[in-house]
Amino acid sequence: MPPPRFLLMQDVADELNVSMSQVYHMVRSGELPAVKIGGRGQWRIERAKLEEYIERKYSETAGWVKENPLAGRDEDESEPE
């Protein structure tokens, strides 16, 4: 049986190892695309959108690391003479 197409916010929180409030903020800010389903307007996140979000975060993090190198690290870790 294939995995479900849509995830609950709690499922996403568990996948990312973050709190429900963090997932809610990501959804409400538009950072993580989601849809409201049903009369009670429950949020659902499509598994493919979650995977795209994760890939985007890897790319953003790689860019940040490239722009913020650990300058002088080798000098700091040298052994005393």
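Biologist: Why is the pair of E60 and K57 called a salt bridge?

Modeller: The closest N and O atoms of E60 and K57 are 3.0 Å apart. A salt bridge is a side-chain nitrogen of Lys or Arg within 4 Å of a carboxyl oxygen of Asp or Glu, so the pair qualifies. This is a predicted model, in which local features need pLDDT of at least 70 and side-chain atom pairs count only at pLDDT 80 or more, while totals for chains, interfaces and linings use all residues. Residues are numbered from 1 along each chain as its sequence is written, and side-chain values use heavy atoms, with hydrogens and water left out.

Biologist: Where do E60 and K57 lie?

Modeller: Both are in helix α3, three residues apart, about one turn of the helix. Helices (H or I, at least four residues) and strands (E, at least two) are DSSP runs, numbered from the N terminus.

Biologist: What links E31, K57 and E60?

Modeller: A network of salt bridges links them. K57 also meets E31, at 2.9 Å from N to O. That pair links distant parts of the chain: K57 is in helix α3 and E31 in the loop between α2 and β2 (35–37), 26 residues apart.

Biologist: How many salt bridges does a search of the whole structure find?

Modeller: It finds four. One of them joins R5 and E46, with the closest N and O atoms 2.8 Å apart. R5 lies in the segment before β1 and E46 in strand β3, so the pair ties together parts 41 residues apart in sequence.

Biologist: Which residues of helix α1 (residues 9–16) are buried?

Modeller: M9, V12 and A13 are buried there. They cover an arc of only 100 degrees around the axis, which puts them on the same side of α1. The arc is that of the directions from the helix axis to the C-beta atoms.

Biologist: What covers the buried residues of α1?

Modeller: The cover includes β1 (6–7), α2 (20–28), β3 (42–46) and α3 (47–67). Contact here means heavy atoms within 4.5 Å.

Terms used. Buried < 20%, exposed > 50% of the residue type's maximum accessible area, 1.4 Å probe, protein only.
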